[in-house]
There are 2 protein chains.
Amino acid sequence: MLTEFKKPSKTACLIQKAATNLFATHGYDGTIMDELAADTGVNKASIYYHFGSKQDLYDTCMTHLFSGVADQVVVAVNQQDSVWEQLEEFVTSFAAAIYTNPNISISLMREMASGGENMPVAARQQMQRLLFCLKEIIEKGAKEGVLIPVQPLTLHVMIVGGLSLYVNSAPLRQSIESSTPDLSVPEMTKEVVQVIKNGLRGTGQ
Amino acid sequence: MLTEFKKPSKTACLIQKAATNLFATHGYDGTIMDELAADTGVNKASIYYHFGSKQDLYDTCMTHLFSGVADQVVVAVNQQDSVWEQLEEFVTSFAAAIYTNPNISISLMREMASGGENMPVAARQQMQRLLFCLKEIIEKGAKEGVLIPVQPLTLHVMIVGGLSLYVNSAPLRQSIESSTPDLSVPEMTKEVVQVIKNGLRGTGQ
DNA sequence: AAATAGTTTAACCAATCAGTTAAAAAAAGC
DNA sequence: GCTTTTTTTAACTGATTGGTTAAACTATTT
């Protein structure tokens, strides 16, 4: 197990990065440690030396992965002043984060599908931060009287769940014919922002 | 492989039902055929007699699972007249379907996380039906001039992705303290309907 | 009732999988 | 440079996994 007080070695970082990809791509059970060893060129016993077990490796990967996105979103939102800008920034930065690193949305959906039972506490808390961030935006809007009341959880699932499904379904959308146009990330982001803003403003501004 | 022209036997149905649960709960790789045998009390070789392989069994389960929800939603929507009623019914019936059978949203999210590469063509087409259903509602609304333009895909991911995340995250939400109130299914459904309607109506009706 | 078809069974199998061991090698400390 | 600590290695291990076989049993047809 990687100790908290020691800077991870180059090998450990290499393992963790590759493992994060494999866990996202194949899920926990579908990720084979021999394959991870082959991907990294690191001997399997070394993997066990750096991380005590497959489970420990998984926990480390998920915690690190989710704290990254929560950091990005919260920081970006806090740099905005108005409620509408904050709301827009929440959507925009979350979309950018998962588009840049689809492992985030993929792993999140896998975890949710598993009932979050394998999700380390630290990773759960990172997701809570997103929800709390929305709560603050909504409370601020309510206090200023510029926003129709809505539950933070509602916004959370529509934004996080919606954008995650959008990003995760990209391969499927590309593989099948459709009578509806596909959307790029900026287009989808803009659409979601619009629906949410209009939905909460009630004036179609 | 179960032939299309023969009514499935009692045993085959029993296997399929249990397998659907296991595939949802543990994913494809995490589902063990010996465990399925134990769950059903059916000898493992029987499972292979009825379904040629684990993959074939999976395909059958998913196709059946997704066609069910698409049927429900499309039928319910087509029983409504106005665009707003149809839109509301889309949300309501989808929410009810996945709440009644969480295997739907769980398996959908797993499939999306895997890039849909294991999703049988027939199951993909069922998902397309949902998107197409939304497309028709939107086109009708646009023709009647009662709806702000929005892409079907946007609504699709926000509703399907949002409600799926809501249902799938129930275990997680129950396991952690939160400063934001949790919502029941009716409450969440109502909230999502409201945001969507306001978002597309632009008049906060 | 006998023949045929369908289904189930116990036992088995090769390959895979997470993890281990102790020696060798490399890095760090003195 | 020598000693100690850390890291890597090749080989190995027991358990598990998807799948198979042929005989036994059950159901259906003639």
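Predicted model: local features only at pLDDT ≥ 70, side-chain atom pairs only at ≥ 80, totals over all residues.
## Domains of chain A

In chain A, the domain assignment places domain 1 at residues 7-52 and domain 2 at residues 65-201. Taken over C-alpha atoms, the centres of domain 1 of chain A and domain 2 of chain A are separated by 29 Å. Six residues from domain 1 of chain A and six residues from domain 2 of chain A take part in the contact between them, and the side of domain 1 of chain A that touches domain 2 of chain A consists of three nonpolar and three polar residues, with no charged ones.

## Surroundings of DNA strand C

DNA strand C is surrounded by 17 residues, of which the closest are A:A45, A:K54, B:N43, B:A45 and B:Y49. Two or more residues of the surface near DNA strand C come from each of α2 (33-40) and α3 (44-50) of chain A and α3 (44-50) of chain B, and the most, five residues, are given by α3(B). Sorted by class, the surface near DNA strand C holds seven nonpolar, six polar and four charged residues.

## Surroundings of DNA strand D

Around DNA strand D there are 17 residues, and those that come nearest are A:N43, A:A45, A:Y49, B:A45 and B:K54. At least two residues of the surface near DNA strand D are supplied by each of α3 of chain A, α2 (33-40) of chain B and α3 of chain B, with the largest share, five residues, coming from α3(A). The surface near DNA strand D divides into seven nonpolar, six polar and four charged residues.

How values were computed: Residues numbered from 1 in each chain as written. Chains lettered and ligands numbered in written order. Domains from an automatic or database assignment. Contact = placed C-beta atoms within 7 Å. Nonpolar A, V, L, I, M, F, W, Y, C, P; charged D, E, K, R; others polar. Near = placed C-beta within 6 Å. Helix = DSSP H or I, 4+ residues; strand = E, 2+ residues; numbered from the N terminus.
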